[in-house]
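Here is a friendly note to read alongside the model. Please keep the sequence and the 3D view open while you go through the points.

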Amino acid sequence: TGSTRPQRLLRAVQKKATQGDPQSVIATIDHFCRHSEWAMNVGDEKGSILDSVVTELNPSSALELGTYCGYSTVRIARLLPPGSKLITLEFNPAYAAVARQVIAWAGLNDKVQLVEGPSGDLIPQMKELFGVQTFDFVFLDHWKDRYLPDTKLLEECGLLRKGTVLLADNVICPGTPEYLEYIRNSSRYESRYFKSHLEYTKVEDGLEKSVFLG
Ligand SMILES: Nc1ncnc2c1ncn2CCOCCNC(=O)c1cc(-c2ccc(F)cc2)cc(O)c1O
Ligand SMILES: [Mg+2]
């Protein structure tokens, strides 16, 4: 029973990145994915767009759907102001175990709450379990066919407010056609597409930024 790719990614972080230094954790993962093994992190190119959206918004409460190894969790949490909180949901326990250690290595435990389970079950429990009122920012990066149902669920559970920003990864590759169709044609959202590339490749991909109008 050999190691898994997430475990090898974590070993690279613990070997090469400086503890408590999120930037070195990000750089180590990007180097590993470019030069050793591709992995489905948002990556450096789309990651820079993510950074600019988060920096501009300066969110107090943020939600990430799909943690994987915690790369985008670290990218987001490192930019959050003191006292703010990022809740990240991961379905796969093996991914969650690696992500917890990546987040800890970056020194971001006090800003991040990683919750294991399917987003469809956890979203309706956000208010009662985590004392969340509404989210300022949501990063969608989980199963692509869950983007639309989970967005509708966030609306129905009153977790979005006027001005909440949704940022969706992979709207071209692997693609989220139903989500794009809905969000671009809904009068309740103002959307914009940021053209980029699939992480660590030349394949087209992009991020869709949508502001909830209430
Ligand atoms: N309901 C839930 N609640 C919580 N967590 C959940 C959940 N459901 C799943 N999870 C966690 C697992 O989700 C991972 C989803 N991400 C991807 O699948 C993904 C794939 C590619 C990719 C792969 C191969 C190619 F050739 C080209 C592109 C690139 C990306 O950037 C990706 O993000
Ligand atoms: Mg992705």
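1. Let us begin with H197, which lies in strand 6 (residues 189-197). Strands here are DSSP runs of E with at least two residues, helices are DSSP runs of H or I with at least four residues, and both are numbered from the N terminus. H197 is partly exposed, with a relative accessible area of 29%. For these words, buried means under 20% relative accessible area, exposed means over 50%, and partly exposed is in between (1.4 Å probe, protein chains only). From H197 to L86 the separation is 111 residues in sequence and 25 Å in space, C-alpha to C-alpha.

2. A word on the model itself: it is predicted, so local features need pLDDT of at least 70 and side-chain atom pairs count only at pLDDT 80 or more, while totals for chains, interfaces and linings use all residues. Residues are numbered from 1 along each chain as its sequence is written, chains are lettered from A and ligands numbered from 1 in the order in which they are written, and side-chain values use heavy atoms, with hydrogens and water left out.

3. Now find the metal. Which residues coordinate the magnesium ion (ligand 2)? They are D141 (OD), D169 (OD) and N170 (OD1), at 2.0 to 2.2 Å. Donors are N, O and S atoms within 2.8 Å of the metal (3.2 Å for Na, K and Ca); water is not among the atoms, so sites may look incomplete. Along the sequence, the donor residues follow the spacing D-x27-D-N. Both D169 and N170 are buried.

4. Next comes ligand 1, which has 18 residues around it; the closest are S119, D141, W143, N170 and E199. A residue counts as near a molecule or strand if one of its heavy atoms lies within 4 Å of it. An oxygen atom of ligand 1 is 2.8 Å from an N or O atom in the D141 side chain. The elements giving two or more residues to the shell around ligand 1 are strand 2 (85-90) and helix 9 (171-175).

5. The backbone takes part too: a nitrogen atom of ligand 1 lies 2.9 Å from a polar backbone atom of S119, and a backbone N or O atom of F91 is 3.1 Å from a nitrogen atom of ligand 1.

6. Helix 9 also holds P174. The peptide bond leading from C173 to P174 is cis, with omega near 5 degrees.

7. Look next at E37, in the loop between helix 2 (22-35) and helix 3 (43-57). Is E37 buried or exposed? E37 is buried, with a relative accessible area of 17%. Its side chain makes a polar contact of 2.6 Å with the side chain of R8, and another of 3.2 Å joins the side chains of E37 and R5. A polar contact is a pair of N or O atoms within 3.5 Å; within protein, one must be able to donate a hydrogen and the other to accept it, and residues adjacent in sequence count only if both atoms are side-chain atoms.

8. Finally, check two backbone angles. Y68 is not a glycine, yet its phi is positive, about 55 degrees. Y68 lies in the loop between strand 1 (61-65) and helix 4 (71-77), and is buried at a relative accessible area of 12%. Y200, also a residue other than glycine, has a positive phi near 60 degrees. Y200 is in the loop between strand 6 and strand 7 (204-212), and counts as buried at 13% relative accessibility.
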